[in-house]
Amino acid sequence: MIAQGILVPFFGTSLGSACVLFLKRTLSNTLQKAMNGFAAGVMVAASIWSLLIPSIDQAENMGRWAFVPAAAGLCMGVVFLMLLDHMIPCLPINNSKTDCPGYGQRKTSMLVLAVTLHNIPEGMAVGAVYAGLLAGNEQITAMGAMALSVGIAIQNFPEGAIISMPLRAQGTGRWKALLYGVLSGIVEPIGAVITIWAAGTVVPVLPYLLSFAAGAMLYVVVEELIPEMAEGRKRKIGTILFTVGFVTMMILDVALG
């Protein structure tokens, strides 16, 4: 039961990544804007409801200072991605796209990194629940723990898609793009197992890890996705799909969280 619960979120990411098998190699500019908008909406909603709010909730023992882990972790996540920007050559903040032939691949790499970072604390959150179940916590039931895993798996479906599909659009082969999406989700069961094994050490810092991932995701949205969806013609498509992605992920997080 515990093994299945730990693996369920990973299967959600993998199924979402499999959407790439039905995608054409080339995408129209309109569809690319739509995908960028949807991905941005999903990531913003996930940052709020899957990461920042749980970070604050898990730090409630700090009273009025419960915001500290969320604020500190978010800032660290943004700074971490900003440092990566300065270490990776050919950056949009320093170079125009015409000066940077690898701009598209770099943008997609940052997206993959951000979603993978987001999956780590989610996996650890699942591990923390199962660690409580193993410890005999009366407030945690096996069905409740599985419900959390299934909820995260459903949330992970669109996140898997927003990794593999942009990779395919950049020219990556279908199966290789699927592999990258699957690998972004494999960190979840790994994080869950580590948390169960070292619950006493990991759980106290989980609020910081959750908000760190939120900061990384928000940085990618602001720096990479929004500029892409807002430039040129048909900008409204990106805005509309941003709203669709945000509302979809918000509903999944609230209804299944």
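Colleague: Over which residues does pLDDT stay under 50?

Modeller: The term pLDDT is the predictor's confidence in each residue, from 0 to 100. Here pLDDT stays under 50 over residues 90-99; for this stretch the model has 17 contacts (heavy atoms within 4.5 Å) beyond four places in sequence. The protein chain averages a pLDDT of 79, and 86% of the residues score at least 70. This is a predicted model, in which local features need pLDDT of at least 70 and side-chain atom pairs count only at pLDDT 80 or more, while totals for chains, interfaces and linings use all residues. Residues are numbered from 1 along each chain as its sequence is written, and side-chain values use heavy atoms, with hydrogens and water left out.

Colleague: How many helices and strands are there in the protein chain?

Modeller: Helices (H or I, at least four residues) and strands (E, at least two) are DSSP runs, numbered from the N terminus. The protein chain has nine helices and zero strands.

Colleague: How is a pair of packed helices described?

Modeller: Two packed helices are described by the angle between their axes and the distance between the axes. Axes are lines fitted to C-alpha atoms, for helices over the stretch in contact, and angles run from 0 to 180 degrees between N-to-C directions. For helix α2 (residues 29-58) and helix α8 (residues 206-230), the axes come within 8 Å and cross at roughly 160°. Therefore α2 is roughly antiparallel to α8 (angles over 145 degrees).

Methods:
Angles under 35 degrees count as roughly parallel, over 145 as roughly antiparallel, 65 to 115 as roughly perpendicular and the rest as oblique.
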